[in-house]
Amino acid sequence: MLLLASCAGGDESTMVGKVNANDRMTIAVSYDQPGLSVRRLDGSYRGFDIDVAKFIAKELGVKEQNIVWKEAQTGNRETLLTSGEADLVVSTYSITDKRKETIDFVGPYFVAGQDLLVRVNESRIDGPKSLNASLRLCSSAGSTSAAYVKDQFAKDVNLVEYAKFSDCVTALLADNVDAVTTDDVILAGYAAQNPELLRVVGDPFSKEEYGVGLHRDDPTSKAKVQAALQKMIDTGAWRKSLEANIGSSGYKIPDPPKLAP
């Protein structure tokens with residue numbers, strides 16, 4: 001009993017212990033993914049990933065006002081964790097073997113599929129195999145999405161990278177690229193913002209499992225984050241958040257995935 005109390009509270013060698021001792025938690029999230037994770041002009045944060053982050057923090061005993069939000073970009077998420085700048089990363093963070101060499105994951109808490117976002121009147125692109133040397137495919141720097149398309153479906157397509165997916169969407173609207181690729185649920189949020197201008201092709205071609213990123217070799221904290229995610233699913237808060245944040249986009253909300261042990 002005493003050992004458990006020490007691990008959960010006073011032992012600052014664990015993330016949970018440090019958070020409890022300081023009554024403060026730093027969580028890295030995306031700032032520009034509509035429906036999932038957005039920093040609004042008034043400084044507030046909204047989206048499914050934000051709700052996941054808040055639920056975990058509450059279960060770990062941290063009040064919402066004591067969460068320090070930090071921006072996660074595709075290329076800096078592992079660094080945020082290994083440097084100690086963030087306690088958790090909740091940022092449509094796909095679980096991969098390569099990433100697990102550096103950090104740890106809890107999840108998956110959502111499973112998406114990679115797809116393409118195009119202009120609403122685009123007739124040349126109906127899936128990844130239709131991309132060719134005359135077309136420009138955009139994705140975020142550090143993402144594996146565009147490389148996967150090039151390697152598996154369209155070796156001649158021209159790749160364009162920007163720091164953020166929102167920059168890719170701006171380029172698509174400006175006719176500077178022909179398609180944007182990332183996970184379908186992210187693209188659905190952008191399409192919902194501009195339904196008269198953008199559409200999702202609707203031909204998912206991969207399986208992307210989102211996990212909560214945390215520091216490696218911290219089994220105590222990992223177990224507590226896992227318990228929090230399971231509670232969010234079991235209580236219905238998981239589905240309620242998805243319905244509130246992306247239901248209006250027309251995206252079909254899946255059943256919750258089974259968390260890996």
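Predicted model: local features only at pLDDT ≥ 70, side-chain atom pairs only at ≥ 80, totals over all residues.
A residue counts as buried when its relative accessible area is under 20%, as exposed when that area is over 50%, and as partly exposed in between.

**Stop 1: an aromatic pair**

Select Phe153 and Phe205, whose rings form an edge-to-face pair with 5.2 Å from centre to centre and 70 degrees between the planes. Phe153 sits in the loop between α6 (145–152) and β10 (158–162), while Phe205 sits in the loop between β12 (198–200) and β13 (208–214), so that the pair links distant parts of the chain, 52 residues apart. Is Phe205 buried or exposed? Phe205 has a relative accessible area of 12%, and because the limit for buried is under 20%, Phe205 is classed as buried. Phe153, with 25% relative accessibility, counts as partly exposed, because that class begins where buried ends and runs up to the limit for exposed.

Now widen the selection to the aromatic residues of the whole model, in which 13 aromatic pairs are found. One aromatic cluster is made by Phe48, Tyr109, Phe110, Tyr210, Trp238 and Tyr251, and showing these six side chains together lets you inspect the cluster as a unit.

**Stop 2: strand β7**

Next, select strand β7, which covers residues 104–112 and includes Asp104. Asp104 has a relative accessibility of 18% and therefore counts as buried.

The peptide bond that joins Gly107 to Pro108 is cis, with omega at about 5 degrees, and it can be checked by displaying the backbone atoms of Gly107 and Pro108.

**Stop 3: the disulfide**

Select Cys138 and Cys168, which are joined by a disulfide with an S to S distance of 2.1 Å. How many disulfides does a search of the whole structure find? That search finds one. The link between Cys138 and Cys168 is left-handed, with -70 degrees about the S-S bond. Cys138 lies in strand β9 (residues 136–140) and Cys168 in helix α7 (residues 165–173), so the bond connects distant parts of the chain, 30 residues apart. Both cysteines, Cys138 and Cys168, are buried.

**Stop 4: the largest pocket**

Move on to the largest pocket, which has a volume of about 270 Å³. Which elements give two or more residues to the lining of the largest pocket? They are α4 (77–82) and α5 (97–100). Coloured by class, the lining of the largest pocket shows one nonpolar, eight polar and five charged residues.

**Stop 5: the second largest pocket**

The second largest pocket holds about 200 Å³ of space. Its lining also has 14 residues, of which Pro34, Gly35, Val38, Gln193 and Asn245 are the closest to the centre of the pocket. Helices α8 (184–193) and α10 (237–246) are the elements that contribute two or more residues to this lining. By class, the lining of the second largest pocket divides into five nonpolar, seven polar and two charged residues.

**Stop 6: backbone details**

Select Asp23, which has a positive phi of about 50 degrees although it is not a glycine, and which is placed in the loop between α2 (15–22) and β1 (25–29). Asp23 counts as partly exposed, at 37% relative accessibility. Then select Thr92, whose phi is likewise positive, near 35 degrees. Thr92 lies in the loop between β6 (88–89) and α5, and with 6% relative accessibility this threonine counts as buried.

**Stop 7**

Finish in strand β13, where Gly211 is found. At 0% relative accessibility, Gly211 counts as buried. Draw a line from the C-alpha of Gly211 to the C-alpha of Ala171, and the separation in space is 29 Å, for two residues that are 40 residues apart in sequence.

Note on methods:
Residues numbered from 1 in each chain as written. Heavy atoms only, no water. 1 Å grid on protein atoms, 1.4 Å probe; cavity = no way out; pocket = protein on both sides within 12 Å on 5 of 7 lines; lining within 4 Å. Points joined across faces, edges and corners; volume = space filled by probe spheres on them. Helix = DSSP H or I, 4+ residues; strand = E, 2+ residues; numbered from the N terminus. Nonpolar A, V, L, I, M, F, W, Y, C, P; charged D, E, K, R; others polar. Disulfide = S-S within 2.5 Å. Buried < 20%, exposed > 50% of the residue type's maximum accessible area, 1.4 Å probe, protein only. Phe/Tyr/Trp six-rings, centres within 6.5 Å; stacked < 30°, edge-to-face > 60°.
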